[in-house]
Amino acid sequence: MRVTVDGREVEPAPGATVLEAARAAGAAVPTLCHDDRFSPSGSCRLCLVRVDGRGVVAACATPAADGDVIRTREPDVVAMARQVLELTVERLPREARELPTELAARCRELGVDAGAFAAAGRGLGRDDSHPYVHLDRDLCIACVRCVRMCDDVQGTFALTLAGRGADTVVAPGPGSWAQSACVSCGGCVDTCPTGAITQAGRQVAPVSPIAVDTTCGYCGVGCALTVHVADGGVDQITPDRRGPVNRGHACVKGRFAYGFATSPDRLTTPLIRDGDRLAPASWEDALALIGERIGGVIGRHGPDAVAAISSARATNEENYLMQKLMRAVVGTNNVDNCSRICHAPSAAGLTAAFGLAGGTNPAEDIERAGCLLVAGANPTEAHPVIGARIRQRALSGAKLVVIDPRRTELAALADVHLAARPGSNVAVFNGLARIMLEQGWTDPGFLADRADGLDILREQLRRFSPERVAQLSGVAPPALREAARLYGTAQTPMIIYGLGVTEHAHGTDGVRTLANLAILRGAVGTQHGGGVNPLRGQNNVQGASDMGALPDLLPGYRPVADAQARARCAQVWGCPVPDRAGLRIPEMFDAALDGRLRALYVFGENIAQTDPDSGHVRAALAACEFVVCQEIFLTDTARLADVVLPGASFLEKDGTFVNFDRRFQRVRPALPTPGSARADFAIIQAVAAALGGDLGCATPAAALDECARVAPLFAGVSHARLDREGPLHWPCRSTDDPGQPRLHLRSFATPNGRAQLAAREWLPPGEQPDEAYPYVLITGRRLTHYNAGTMTRRTPNLALQPHETLDMHPADAAALGLRDGAAVEITSRRGSVTATARLTSEMALGQVFMAFHFPDVAANLLTSAAVDEVTSCPEYKVTAVQLRPR
Ligand SMILES: Nc1nc2c(c(=O)[nH]1)N[C@H]1C(S)=C(S)[C@@H](COP(=O)(O)OP(=O)(O)OC[C@H]3O[C@@H](n4cnc5c(=O)[nH]c(N)nc54)[C@H](O)[C@@H]3O)O[C@H]1N2
Ligand SMILES: Nc1nc2c(c(=O)[nH]1)N[C@H]1C(S)=C(S)[C@@H](COP(=O)(O)OP(=O)(O)OC[C@H]3O[C@@H](n4cnc5c(=O)[nH]c(N)nc54)[C@H](O)[C@@H]3O)O[C@H]1N2
Ligand SMILES: [Mo]
């Protein structure tokens, strides 16, 4: 297509609008209702242009046609646009023209002066009820951008237009904003062109001169954010439209929950234990003590008496240094990260099935999927930007199957919701596989050419009739059949899953039997999309594992047992690499209790609150001779340490994260570290020096370069390249390798290049309800808080959810004599906690749910020591409990 814009010929992309064509030619067409994050509404009429033969059109809503002659500067058309704008602003107060908004900019461009505005506002009032989102109705022009953002991007449908005629303005439903369905994604704030919707207590728009592009430090989605800095703190954070996963969207945490960074509770100086208390100390003293005590343990008990838990919140470069510290300086493979207690079964299961530890497909493939199968994941709360993309895809026609014991938001929207009992995944997935085989909803060509294990699987599936599956899982056979049909017959069905699959005594079996479905269907390792995709949790849990912060794997997933891999590291590091696999996190605690482990270095993980069976964890910490905790807050874990080192948050440092779909993305410092706190990168190097070692790697960029030399999987990744080209997917094996968004296109990375089907029996969970403990407690997440809550509880998110609840079915509550809001005591075989009952039909009978974000309702006092038999991932999703009114 060729068009002419103001005399200049251009070739816009196929399907471009007249506006896009004009902009491609560099013409400045004014817009007000337009936002490229959603489809054009053409309502503001500022983008009027003349197209020869087609008259005056709204450029944003008119498709360009080959040969169009577009004129954007015709005086009569510009005058029309000016009149439209004058009509728009005549009800706005004059101050509106002075605000740093799109509206004011359009007024200046089109020559609409203050006289066109009203002397005063309409007196429609404000709504300041919400902790983050404030509304000044007098500034609203009813352009509908906020509504479109809420509907078409976020998918919450919280906003409408209300009122009559000239007084029509946006409204968050019938009540106040705080009472509305708003999930605080900030999309409306971000798109509002007039200053009607703003962030509480902030300027209408970020005006600070310093804007730093970085990656969100909360969950694994990897949203690109811009941090606007003012007075040494954050002025605002806005989502970056160039972000490949978030595309200009964000959630309540990434967008608003940054207040923790400047909280007075931040650790600003090292602390050293002095009897019962932790006393402020100098870096010199803290590091000298670490050198002496850890050096002493190594001297007396050998290097394997020392272990480290590395941080999935921290950067790749910091994780690379941490594993190098343990292997090259201390001399042990005792290093692990919270992937162990999260998606270790994904790494193990996906490696066994397909040969690589990463999810197989990029987020973009959500939009290509004809059916989305979401199993044991609650993305609208835990990965909200992905949740929004899934919801939009389901609203635009894809089938949605949700497998979750709870009626989550996506379950409520699903074509089929299989409310499987906690711990029954293997039965359900096997049941689906059997129906798919019976019905011929498979890809025989793919199975013959690219997969192994069909015969053994077929034999195993004889034991999984829909009736037996119903018995094991509570899922009715017709629903199971319908789910199998939707997944089995859709074009490029995509599997997305979470901890409801992995955090079980048979979590790896869950991943394997789920992967079976994609293999049977031939929906993995193809150009078309689909695949098997874990929603990895922490901002950098993928990266922490990629960097080799794992007891059995070196950087790039090369086994410590592999002599060649060790030799490669030894050559680059200039020292031998220990060949015996180290301790996993749960094994570290056991080893501490039986005296094999004497010193523990905990970096950015709050194990006393987040690991299962907290009593056991605390005993293990107490049993260690020496515990170092590197934190940004004085957590429950830090309180139990001998030395506390003050680190830096993601807003304060330089490096990279790897998100859930294997993208390396840059993290850049926006704020100074508080007090004498230091970047974790520098701290780990100082600890190495205190132990007489030298980790090299002068900068984070140099550390990633070194990693690229030892790990062929990331050989082509560097800070320089990321700065130049933007995010890169691994595998990225050379500097001209563009990276692989979709894995396994030609062959699988397994030893024989074929996908491996797995025949697995269903086995009971580690703990089951009985007469004494008749309810099943599921633990998981809530939208507004994040894991241990150390960060989100120090932000206004606390106002959105001030305390933890125990979610339960109204009939269970009635049987116990509990009302909504009543105190309920929850007791497991290990401990007791008290929470407030929340009655909801999201829960099935006999099952209750709570999160672990609040230390005063310590879910992990209850959870058991049962772990996945392959990876030692804890069974957080199944705990037998009794309930009692308090
Ligand atoms: N807001 C927020 N976002 C977060 C986090 C947070 O703390 N808060 N944490 C981050 C981290 S570390 C992670 S790992 C991710 C986790 O993200 P998700 O995996 O989505 O989170 P969960 O809520 O733990 O569990 C998901 C679902 O599993 C279901 N489930 C429980 N048992 C079973 C079962 O036996 N079978 C099936 N099919 N489903 C089951 C639960 O009902 C729950 O809805 O979230 C990340 N994002
Ligand atoms: N009952 C129950 N328990 C669970 C789960 C569950 O579903 N149910 N889920 C489990 C899962 S999936 C996970 S991943 C774990 C998460 O458990 P944790 O990793 O313990 O949880 P976070 O709150 O993310 O804690 C990280 C700690 O790092 C600190 N921190 C943050 N950024 C930085 C940094 O840049 N540098 C330093 N030095 N410190 C930093 C924070 O203050 C915080 O205390 O919880 C697990 N626990
Ligand atoms: Mo996690």
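Let's start at Arg468, which is partly exposed, with a relative accessible area of 22%. This is a predicted model, so every value here is computed from its coordinates. The side chain of Arg468 meets that of Glu761 in a salt bridge, at 3.3 Å from N to O. Arg468 belongs to helix α16 (residues 466–473), while Glu761 sits in the loop between β32 (755–756) and β33 (775–780), so this pair ties together parts that are 293 residues apart in sequence. Glu761 is partly exposed too, with a relative accessible area of 23%.

Arg434 has a relative accessible area of 18%; because the cut-off for buried is under 20%, Arg434 counts as buried.

Now have a look at Asp661 and Arg663, whose closest N and O atoms are 2.6 Å apart in another salt bridge. Here Asp661 is buried, with a relative accessible area of 0%, and Arg663 is buried as well, at 3% relative accessibility. Salt bridges can also share partners: in this way Asp35, Asp36, Arg37, Glu102, Arg145, Asp190, Arg241 and Arg255 are joined into one network. The count of salt bridges in the model comes to 62.

From charged pairs, let's move on to a helix and its surroundings. Helix α2 (residues 75–89) has 15 residues, and at 1.5 Å a residue it should span 21 Å; the C-alpha atoms at its ends are 21 Å apart, so expectation and model agree.

Which residues of α2 are buried? They are Val77, Ala81, Leu85, Thr88 and Val89. These residues cover an arc of only 115 degrees around the axis, which means that they lie on the same side of α2. The spacing is worth a thought: an α-helix has 3.6 residues a turn, so residues three or four places apart point the same way. On the face of α2 turned away from the buried side, you will find the exposed residues Pro75 and Leu87.

What covers the buried residues of α2? The cover includes the strands β3 (48–51) and β4 (55–58), together with helix α3 (102–110).

Technical notes:
Residues are numbered from 1 along each chain as its sequence is written. Chains are lettered from A and ligands numbered from 1 in the order in which they are written. This is a predicted model: local features need pLDDT of at least 70, side-chain atom pairs count only at pLDDT 80 or more; totals for chains, interfaces and linings use all residues. Side-chain values use heavy atoms; hydrogens and water are left out. Helices (H or I, at least four residues) and strands (E, at least two) are DSSP runs, numbered from the N terminus. The expected span of a helix is 1.5 Å times one less than its number of residues. Buried means under 20% relative accessible area, exposed over 50%, partly exposed in between (1.4 Å probe, protein chains only). The arc is that of the directions from the helix axis to the C-beta atoms. Contact means heavy atoms within 4.5 Å. A salt bridge is a side-chain nitrogen of Lys or Arg within 4 Å of a carboxyl oxygen of Asp or Glu.
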